[in-house]
Structures are given as structure tokens and as C-alpha cells.
Amino acid sequence: MSRSIVRQSKFRHVFGQAVKTEQGYDDIRVSKVTWDSSFCAVNPKFLAVIVESSGGGAFLVLPLSKTGRLDKNHPLVTGHAGPVLDIDWCPHNDNILASCSEDTTAMVWQIPDQMGTQPISEPIVVLEGHSKRVGIVTWHPTARNILLTAGSDNLIIIWNVGTGEALISMDDHPDLIYNVSWNRNGSLFCTTCKDRRLRVCDPRKREVVAERMAPHEGIRPMRAIFTRDGNLFTTGFTRMSQRELGLWDPTHFEEPIALLELDTSNGVLLPYYDPDTNMVYLCGKGDSSIRYFEITEEPPYVHYLSTFSSKEPQRGMGFMPKRGVDVSKCEIARLYKLHDKKCEPIAMTVPRKSDLFQDDLYPDTAGPDPALEPEEWLEGRDEDPILQSMRDGYVPPKSRELKVARKNVLDSRPTPRRSMSSRDGSANLPPQLVDWLLEEVKNLKATVLSQEKRICDLENKLSKYTNGTA
């Protein structure tokens with residue numbers, strides 16, 4: 001008598017549950033712009049949603065605790081001259097958010113802990129470098145103040161928002177870029193494009209290091225994300241317009257590790273990945289369900305777990321970083337589903353009887369501290385995220401201001417060669433003095449960085465004491 005063997009996994013019984021109506025966010029006029037982004041971004045402090053607005057683009061920012069019906073006088077963030085297309089919270093500062101728009105700009109905003117009554121209309125920095133609308137904005141996972149933007153001019157620009165300057169520009173894509181995803185340490189990113197190619201790019205070498213033509217044979221948009229092992233998880237369509245997912249090794253692009261057909265539907269599948277559990281959640285625009293899978297090293301490599309279904313179709317989705325989930329309820333993920341006029345949190349939970357902290361569900365996760373400074377990353381250094389324990393939960397620190405020190409554009413231009421006949425020798429400093437000045441500047445920079453880190457540590461300690469967790 002044969003006996004079927006059930007695969008052992010602690011995530012086999014994960015189930016999704018929507019919160020009660022009063023714990024959701026009502027009366028939100030979600031944007032109707034035709035763009036395949038998630039329209040929603042969330043972190044342990046705030047929920048941000050791109051909304052309908054007249055006279056330019058706007059998005060709404062709500063503290064997570066402000067549930068229920070939206071106050072009609074709640075201020076919006078308004079600064080873009082055209083509809084907002086994408087938003088992303090900074091992983092290293094819960095009060096900093098980046099946005100991009102049809103007005104060809106990206107902007108970085110400082111969101112105060114206490115929202116006033118007046119709209120926020122002054123960004124801390126405006127990033128201007130694209131000639132057409134900017135549809136993608138995403139932060140570097142480990143380096144401070146590094147932001148990537150991609151526009152309909154087929155250009156990818158990497159910025160240092162601390163100075164407001166463009167560091168790297170890449171024009172390797174001949175057509176519209178669908179999505180961009182960094183790998184775990186931010187040394188590479190992958191892109192999908194309208195030319196049906198999947199690319200892996202090294203931004204500091206300014207080159208495409210691997211590419212695959214048509215990982216999915218259909219002509220509809222694809223999505224791709226890096227897994228923690230360095231593989232690529234993709235969603236797309238077959239030639240017969242069936243939705244499909246794939247797992248690829250970028251060092252051996254000839255054959256997929258796994259390729260799985262799902263269903264027939266028009267909505268682009270947006271993947272949300274949790275590196276701690278190696279699970280991926282697939283949310284299709286216009287779908288009323290969320291499918292989730294576990295990626296393992298055993299065949300068939302991508303294992304279907306379950307589906308969360310509801311009656312209403314989703315307009316977009318937000319994915320909470322791991323440090324924002326409730327460990328006391330064995331919650332391993334939380335998604336924020338956008339309806340036409342509301343946002344509904346959905347908790348993904350592992351059923352456990354014990355109330356104690358579950359070590360096996362919560363390995364140390366990426367914390368809010370950056371592992372690198374912008375200059376170190378630009379020089380070629382790579383570091384994995386700085387991890388923190390989830391045992392005591394996560395208390396968001398108080399607001400930290402992002403200081404933008406703009407460089408004079410003239411400083412980056414080459415110095416004109418002086419004529420040999422010039423008799424003005426007053427500008428020629430002695431070499432010893434130049435060396436001394438450079439050393440002084442370097443020492444001062446090091447002192448400022450150490451003091452900033454000290455301030456952050458003290459603010460975090462103070463926040464724990466005031467919240468009664470210490």
C-alpha cells in the first residue's frame with residue numbers, strides 16, 4: 001500500500017485574515033491613473049496611498065493608528081505637477097518617502113510624526129534628470145540615501161538624495177522599463193522591459209552582466225525580483241495569455257529552475273517577497289485573491305501554499321516590512337489591500353498554540369540602520385543588511401531629519417587649464433597646505449558621521465524609554 005508523503009514546512013498552514021471593518025482605512029479616493037504600480041507603500045509608522053487629486057498629483061499619508069473613516073480635512077502631500085505614479089518608503093528612516101510623477105521629477109519628502117492641518121507641499125529635495133515621466137522609484141537596501149529612479153525615457157538614474165546629485169545614469173534599455181528590483185546587498189539590480197528581456201545590471205560598472213530573452217513567451221508585462229539566494233523570481237504570461245511564474249539562476253539563464261502556469265487573467269501579477277521566510281505573495285491587479293508560495297531548494301522549488309480570497313477586487317497593494325508585524329500573534333506578513341475607496345489590512349498568520357516568542361518563525365531581520373554610506377557603496381563596497389532581533393518587537397524611533405547638502409554644480413566641472421603666461425600665482429597653494437586641508441576635511445566628515453550615529457542611538461534609546469519597552 002503506497003502512502004503519499006506530505007512535504008514538511010512550518011508555513012504549510014499559513015492563513016490570511018482581513019481585519020475588522022473599524023480597523024481599516026475608509027473614504028480614500030485611490031488614484032485611477034493607468035499605471036502598473038502598487039499605489040501603496042507602508043512601514044511600521046505610516047500608510048501612504050496615491051490618491052485622486054485635481055491640479056497635479058498627490059498622495060495621502062496616514063499614521064497606522066489612524067484607522068476608521070478618513071477625516072475630510074486630513075492634509076495631502078501635494079507637490080507634483082502631474083499624477084503621482086509610484087511611492088516608496090526609505091528603509092533606513094521611517095519618516096522619509098520618495099515619490100515620482102508624470103511631471104518628469106522625483107521628490108523626497110520628510111513626513112512629520114504629527115501631521116498638521118496644512119498640505120505638505122515642500123519636498124526636501126527635487127530630483128530632475130529625466131526627460132519623460134518617471135514611473136519607478138526604489139531605495140537601495142543597505143546604503144544610506146541612495147535612490148534609483150526609472151522613467152519612460154528608458155533611463156535609469158541612481159541618486160544621492162543627501163546631496164541631490166545624480167551618481168550613475170544607465171541607458172541600456174531600448175524600451176519602457178516595467179520594474180526594477182535590488183538584490184539583498186544592493187550590488188546588482190534586475191529589470192524587466194517592454195523588449196521582453198530580463199536583465200541583471202551592475203550599476204557601478206554601468207553594464208548589463210546577464211540577460212535572458214523572453215523568460216515568459218507572452219507579450220504582456222513581466223515582473224522580476226531577486227530572492228535571498230541570488231536567484232530571480234519572475235511573473236509573466238504564456239503565448240496563450242495564461243499567467244505564469246518562473247524561478248531562474250542568473251548565472252545559467254538557458255533553462256528555468258522552475259516554471260509554473262497559474263490561470264488565465266489580464267491582471268499583471270505583482271510579487272511581494274519575504275527573504276526571512278523565503279515566501280512570495282502574488283497579487284494581481286483586478287484580482288480578488290492573494291496566492292502565496294514558498295521557495296525551497298528541493299523540487300519543484302516553488303511550492304504553492306494557499307490562497308486568500310475575498311469578494312472585492314484589488315486596485316493595489318502595500319507590503320509591510322518584517323519589523324512591522326505583530327510577533328505576539330505569530331503574524332509573518334501583513335498586506336494592505338486597496339479597494340476603490342478604502343484600504344484593508346490583511347494579516348498572514350502561522351497557527352501556533354503557544355503565546356511565547358517563536359524563534360523559528362522570526363530569524364533576525366533587516367533593521368533600519370544603513371550598512372554603508374553613499375561614498376563607500378560608490379567606491380565598490382557591499383554589505384548585507386544590518387540585522388536585528390524580533391524578540392521584543394519593533395518600536396519605531398522618533399523622527400530624524402534628512403539633511404540635504406547640495407553641491408555646487410560648478411565644483412564637478414573640470415578646472416580650466418591656466419595659461420603658462422599667466423603671472424597670477426596667488427591661486428597656487430603650496431602642496432603641504434593642500435594636503436593639510438584635505439586631511440582636515442576628511443577628519444571633520446568622520447567626526448560628523450560618528451556624531452550622527454550617536455544621536456540616532458540616543459534617540460532610539462529615548463524612544464524605547466518613552467514607550468515603556470525598556
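**Notes on a predicted model**

1. Let's start with Leu433, which is partly exposed at a relative accessible area of 35%. (Buried means under 20% relative accessible area, exposed over 50%, and partly exposed in between, with a 1.4 Å probe and protein chains only.) Leu433 sits in helix α2, residues 431-466. (Helices are DSSP runs of H or I with at least four residues, strands are runs of E with at least two, and both are numbered from the N terminus.)

2. Before going on, a word on the source: this is a predicted model, where local features need pLDDT of at least 70, side-chain atom pairs count only at pLDDT 80 or more, and totals for chains, interfaces and linings use all residues. Residues are numbered from 1 along each chain as its sequence is written, and side-chain values use heavy atoms, leaving out hydrogens and water.

3. How far can you trust it? The mean pLDDT of the protein is 89, and 91% of its residues reach 70 or more; pLDDT is the predictor's confidence in each residue, from 0 to 100. Over residues 408-427, though, the pLDDT is below 50, and beyond near neighbours in sequence this stretch has one contact in the model (contact means heavy atoms within 4.5 Å).

4. In the model, residues 77-111 are 63% strand and 0% helix, with end C-alpha atoms 9 Å apart. For residues 127-169 the figures are 56% strand, 0% helix and 13 Å.

5. Most residues other than glycine have a negative phi, and most peptide bonds are trans. Ser241 has a positive phi, near 65 degrees, in the loop between β21 (232-237) and β22 (242-248). Cys330 also has a positive phi, near 55 degrees, and is buried at 4% relative accessible area. The bond from Pro299 to Pro300 is cis, with omega near 0 degrees.
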